[in-house]
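Let's take a walk through this structure together. Keep the sequence and the 3D view handy as you read.

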Amino acid sequence: MKVIVATGDPGSTRKWCEVMRRGLPEFEVVAWDAGAEASGARYAVVWMPPDALFRRETGLQAVFNLGAGVDHLMGLPSLPDIPVLRLEDAGMAAQMAEYVIHSLAALSRGFDAYALQQARRRWAPLPVMRHADWPVGVMGLGKLGAHVARAVSGLGYPVAGWARGPRRIEGVRAFHGAEQLQDFLGHTRVLVNLLPLTPQTTGIIDRGLLAGLLPDAVVINIARGGHVVDEDLLAALDAGRVQTAVLDVFNEEPLPSGHPYWSHPRVRITPHVAATTLETHAVEQIGERIRRLERGEPVEGVVGRDTGY
């Protein structure tokens, strides 16, 4: 059985080919080559693939996306009507939780302030933090969002969650649908975005949403840059409505050197590293799902064409 690997970077394509060959020796794994003939592959493993992949490889039975975000893939005009499967967790959930907890603790416990004190050789303990003063709201309660919400709740922070449809997560006050979004925001000081990027969620973090958060709000975006209206977030930061923005993803990546986020004193930037796909987890998950598909059995992680996730 043949599997083709295609990413937006030739070096990454070669790396994932080798990873797949080592982890799945029973499959014939080939690399996408824009100048080659059709490979006859039954399955494609992709990340930011070229649209030409689907125009040439017409025998594909399913596509596996090397990550949780499928917005680029679903937007390709030649994507055929075959199952698209996204990785579920693949080691990313724990990394996301670590990122959020690190950012939350740095602010709520005053670790950023202590770093400044150290630079000034100043010894000045801050007032004791109360978890109740730092209610967290997680937008997006899929596997990654639910894991983050439970992890933060386990530390004693009040946690709310918002999703398209109803969810039940122990320790999390769940809201759903557009009609409950304002109630969710009213319970949120620290907003953590883990929504999928769809036409409905593009630009969702705008002036109106930011105005609904509790005072001295914090925005942590580890989903997609397209969720944020940059001008509205910058205005909220300048006005003091949002005290800090922790941003791992951006509308344009790499973030242009002239972008105002770089120099804004209230913005913390990381280069899209909140979570990376762990190779062993990914290969095991893809291999098992291919075997199930070959046996005609149902698989998890199929992206809904109507929802985009």
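What follows goes from the inside of the fold to a helix pair and then to some loops.

First, some ground rules: this is a predicted model, where local features need pLDDT of at least 70 and side-chain atom pairs count only at pLDDT 80 or more, while totals for chains, interfaces and linings use all residues. Residues are numbered from 1 along each chain as its sequence is written, and side-chain values use heavy atoms, with hydrogens and water left out.

Let's start inside. In soluble globular proteins, nonpolar side chains tend to be buried together. A nonpolar core here is a set of buried Ala, Val, Leu, Ile, Met, Phe, Trp, Tyr and Cys residues joined through side-chain atoms within 4.5 Å; buried means under 20% relative accessible area, exposed over 50%, and partly exposed in between, using a 1.4 Å probe and protein chains only. The largest nonpolar core has 54 residues, and M20, V136, V138, V192 and I222 touch the most other members. Helix α4 (residues 92-108) is its top contributor, giving 8 residues. Helices (H or I, at least four residues) and strands (E, at least two) are DSSP runs, numbered from the N terminus. Take V192: beyond its neighbours within four places in sequence, V192 is in contact (heavy atoms within 4.5 Å) with V100, V136, G137, V138, M139, I220 and I222. There's also a second, separate core of 28 residues, with A160, A217, L237 and V267 among them.

Now look at helix α1 (residues 10-23) and helix α10 (residues 279-294). Their axes come within 10 Å and cross at roughly 65°; axes are lines fitted to C-alpha atoms, for helices over the stretch in contact, and angles run from 0 to 180 degrees between N-to-C directions. On the α1 side you'll find K15, W16, V19, M20, R22 and G23, which meet E279, A282, V283 and I286 of α10.

Most residues other than glycine have a negative phi, and most peptide bonds are trans. Yet D216, not a glycine, has a positive phi of about 55°; D216 sits in the loop between α8 and β10 (217-221) and is partly exposed, at 41% relative accessible area. H272 also has a positive phi, near 55°, and its place is the loop between β12 and α10. As for peptide bonds, a cis one joins E253 and P254, with omega about -5°. P254 belongs to the loop between β11 (242-247) and β12 (267-269).
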